[in-house]
Amino acid sequence: MDILKTDSDYGVSRQAVLKMGDVSLLNDIAKNYFNDNIRMEAIRRINNVEVLFDIAKTDLNSDIRKVAVERLNENSALTFIAKNDSDMDIRKKAIEKINNDSLLEHVCENVSDEHTGQYAVMHINDEAILTNIAKNNPY
């Protein structure tokens with residue numbers, strides 16, 4: 001971590017993160033480092049669902065949140081992001097990764113904007129769920 005604290009050269013810091021094996025340190029860099037590009041490199045290397053979800057739902061930088069969502073594979077976390085993120089592109093990315101039609105139906109029924117609901121419907125394959133949405137959804 002010392003090289004990351006003292007080195008202003010992005011390339012050197014990036015290589016340090018790419019070679020780093022300390023998972024705890026990668027998690028810390030992903031959440032707290034001052035350089036967003038280095039944070040994104042760390043996020044691409046971590047698998048901790050809790051850390052990725054925390055970043056995806058709370059980080060102020062939408063690019064950082066998007067990288068975290070790309071790494072998430074937990075349907076419940078992705079459903080939360082699909083329903084609640086302020087950025088449409090991030091909501092779409094989460095919807096694309098949800099692999100459960102019932103959760104996509106839940107997104108469709110519980111979002112405040114029509115576009116997100118429509119995007120969720122586009123990813124549903126279950127005919128019964130689609131029929132239910134067609135009959136009961138206000139959009």
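Helices (H or I, at least four residues) and strands (E, at least two) are DSSP runs, numbered from the N terminus. This is a predicted model, where local features need pLDDT of at least 70, side-chain atom pairs count only at pLDDT 80 or more, and totals for chains, interfaces and linings use all residues. Residues are numbered from 1 along each chain as its sequence is written, and side-chain values use heavy atoms, with hydrogens and water left out.

Keep the whole chain selected and show the C-alpha atoms. They fill a box of roughly 60 × 20 × 20 Å along the principal axes.

Next, colour by burial. Buried residues (under 20% relative accessible area, 1.4 Å probe, protein chains only) are 41% of the 139 residues.

Then select the charged side chains, with Lys and Arg as positive and Asp and Glu as negative; His and the chain ends are not counted. There are 17 positive and 24 negative side chains, and the centres of the two sets lie 3 Å apart, each charge being placed at NZ of Lys, CZ of Arg, CG of Asp or CD of Glu.

Now select residues 49–58, helix H5, and residues 75–84, helix H7. Their axes are 10 Å apart and the packing angle is about 5°, which makes H5 roughly parallel to H7 (angles under 35 degrees). Axes are lines fitted to C-alpha atoms, for helices over the stretch in contact, and angles run from 0 to 180 degrees between N-to-C directions.

Finally, show side chains here. Phe53, Ala56 and Lys57 of H5 meet Ala77, Phe80 and Ile81 of H7, a contact being heavy atoms within 4.5 Å.

Conventions
Buried < 20%, exposed > 50% of the residue type's maximum accessible area, 1.4 Å probe, protein only. Parallel < 35°, antiparallel > 145°, perpendicular 65-115°, else oblique.
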